[in-house]
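Please load the model in the viewer and keep the selection panel at hand. The stops below are meant to be followed in order.

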Amino acid sequence: MVFLNNYSILRKNMVERLVRVGIIKSKEVERAFLKVPREEFVWYNMKHLAYEDTPLPLGNTGQTISAPHMVAIMLEELELVKGLRVLEIGAGSGYSAALMAEIVQPNDDKNKGHVISIERVKDLINFAKENLKRTGYSDRVSIVFGDGTLGYPKRREEMLYDRIVITAASPHIPRYLKAQLKENGIILAPIGNTFMQTLVKAIKRKGDLEFREVCGCMFVPLIGEDGFRP
Ligand code: SAH
């Protein structure tokens, strides 16, 4: 049984371990992980497992909150700094969105950083919104219901993103997302089949994506018009 005031100790231990093994590399990612309470983003009956380095089911939605080490790898590869506009596909619990917001728009900062996170499962929209509100991130993260393979908004040149992260397994980089990424922007996505994927990092240079493979990974599928079919 974990008592409430023990969470911060467990969180600190988890972060120390991720730093020790070299997964958390930057001070910013370390600070965000120390700040955002994962126990507020896991499902109600999973709180005692909040600081196990493992994905956890989000109720009976069939979706999961990713393992902390995988979120840390993604956050490092995204090279986030204050003031960036980030689009996430797959809000799930809202946890990774809160971590990103903590870096692009720290509370005491006047920058205009913002995270928009799209989710296709209705039950998770409310779950993520409530989690973000309770933890103080609702003004820095916008949760949007819809098919993220189409991006957001669908076609408006002036609304390009500095960073796009897909937190679900995708057969390829959806074309709208490539179009909505700024020049020199980074897009990160698990590319592969619905069982196993490679985390791919792409930088947009002169309109084209330059790809690099980061590591193997396993995510729930990206389901949508330019993803896997339902
Ligand atoms: N980032 C989340 C984990 C997400 S799991 C967290 O920190 O908790 C992947 C999520 O992607 C699931 O919630 C799933 O419903 C969502 N998803 C899958 N296909 C999608 C699509 N086309 N558009 C938006 N969300 C999608």
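The model is predicted: local features need pLDDT of at least 70, side-chain atom pairs count only at pLDDT 80 or more, and totals for chains, interfaces and linings use all residues. Residues are numbered from 1 along each chain as its sequence is written, and side-chain values use heavy atoms, with hydrogens and water left out.

**Stop 1: the ligand**

Next, display the polar contacts (pairs of N or O atoms within 3.5 Å). Ser93 places a polar side-chain atom 2.6 Å from an oxygen atom of the ligand. For Asp147, a polar side-chain atom lies 3.0 Å from a ligand nitrogen atom, while a polar backbone atom of Ile223 is 2.7 Å from a nitrogen atom of the ligand. The protein buries 99% of the 580 Å² that the ligand exposes when taken alone (Shrake-Rupley method, 1.4 Å probe).

Helices (H or I, at least four residues) and strands (E, at least two) are DSSP runs, numbered from the N terminus.

**Stop 2: the largest pocket**

The ligand sits in the largest pocket, in that more than half of its atoms lie within 2 Å of the grid points. A pocket is an open set of points on a 1 Å grid over the protein atoms alone, where a 1.4 Å probe fits, with protein on both sides within 12 Å along at least five of seven lines; lining residues have an atom within 4 Å of a point.

About 570 Å³ of space lies in this pocket, taken as the space filled by probe spheres set on the points. Of its 40 lining residues, select Thr64, Gly90, Thr167, Ala168 and Val220, the closest to its centre. Then select α3 (68–78), which gives the most to the lining, with 6 residues.

**Stop 3: two backbone features**

Move to Pro153, in the loop between β5 (141–145) and β6 (161–166). The peptide bond from Tyr152 to Pro153 is cis, with omega near -15 degrees.

Finish at Glu79, in the loop between α3 and β3. Glu79 is not a glycine, yet has a positive phi of about 50 degrees.

Conventions
Polar contact = N/O pair within 3.5 Å; in protein donor to acceptor, adjacent residues only side chain to side chain.
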